[in-house]
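Please consult the sequence and structure shown below while reading.

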Amino acid sequence: MCELLQRSIGYYDWVGFYFANHQKQTLHLKAFAGEPTDHVTIPFGKGICGQVAVSNENFVVPDVKAQDNYIACSMFVKAEIVIPLFKNGKNIGQIDIDSHTSDPFSHEDEKFLEWVNEAVANIIPEDGIDF
Ligand code: SME
C-alpha cells in the first residue's frame, strides 16, 4: 500500500503507517515507502504524528516550517498530512505522508486517505497489532 501510493501520486514522497501502543503511549513505524527514517518510535503528543495519536483528528500541514511541534525527518520535506486510522472506533494508528512540494494536500487527499485507512482497518485482525 505504501509503495503503491508513493509511486502513484507525484507529491507523496514518503508514505508510512504508524501503529499505537496504548499502554506505552507510543507510535511505531510498521510499514513505509521512501527514505528510511530515524523516527521509528514516536511518543504520543510529540510531532505531528504524536499529536494525531491524541487528537483523533486529521492534521494537514501545508508548511512544516510553521509548526513548533514537528519532528523533521528530511531537509527536503515541505508539507505533511497525517490521518488517524480507526478500528472499531478506536484510534489504533495513522497514515503519515511527507511531501517535497509546498502546500500540496487538499480536502480530496483527506477523503482519499480516510478511505485508504478504512480499507487497511478491515484487514487488520480484530485483536489489533501489538508492539
Ligand atoms: N514529521 C513527523 C515525524 C515522522 S516523519 O515525517 C517520517 C512528525 O512530526 O510527527
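The points that follow describe the ligand site and then the aromatic pairs.

The structure is a predicted model.

**Residues around the ligand**

- The ligand is surrounded by Trp14, Tyr18, Ile42, Gly47, Ile48, Cys49, Tyr70, Ile71, Cys73, Glu80, Asp96 and Asp98.
- By class, this shell comprises eight nonpolar, one polar and three charged residues.
- Strand 1 (14–21), helix 2 (47–55) and strand 6 (90–99) are the elements that give two or more residues to the shell.
- Helix 2 gives the most to the shell, with three residues.

- A polar backbone atom of Ile48 is 2.9 Å from an oxygen atom of the ligand.
- For Cys49, a backbone N or O atom lies 2.8 Å from an oxygen atom of the ligand.
- For Ile71, a backbone N or O atom lies 2.7 Å from a nitrogen atom of the ligand.

**Aromatic pairs**

- Six aromatic pairs are found in a search of the whole structure.
- Trp14 and Phe32 form a stacked aromatic pair, at 6.0 Å centre to centre and with 15 degrees between the planes.
- This arrangement counts as stacked because planes under 30 degrees apart fall into that class.
- The pair links distant parts of the chain, with Trp14 in strand 1 and Phe32 in strand 2 (residues 26–33), 18 residues apart.
- Trp14 is also one of the residues that surround the ligand.

Conventions:
Residues are numbered from 1 along each chain as its sequence is written. This is a predicted model: local features need pLDDT of at least 70, side-chain atom pairs count only at pLDDT 80 or more; totals for chains, interfaces and linings use all residues. Side-chain values use heavy atoms; hydrogens and water are left out. A residue is near a molecule or strand if one of its heavy atoms lies within 4 Å of it. A polar contact is a pair of N or O atoms within 3.5 Å; within protein, one must be able to donate a hydrogen and the other to accept it, and residues adjacent in sequence count only if both atoms are side-chain atoms. Helices (H or I, at least four residues) and strands (E, at least two) are DSSP runs, numbered from the N terminus. Ala, Val, Leu, Ile, Met, Phe, Trp, Tyr, Cys and Pro count as nonpolar, Asp, Glu, Lys and Arg as charged, and the others, Gly among them, as polar. Rings of Phe, Tyr and Trp (its six-membered ring) pair if their centres lie within 6.5 Å; planes under 30 degrees apart count as stacked, over 60 as edge-to-face and the rest as tilted.
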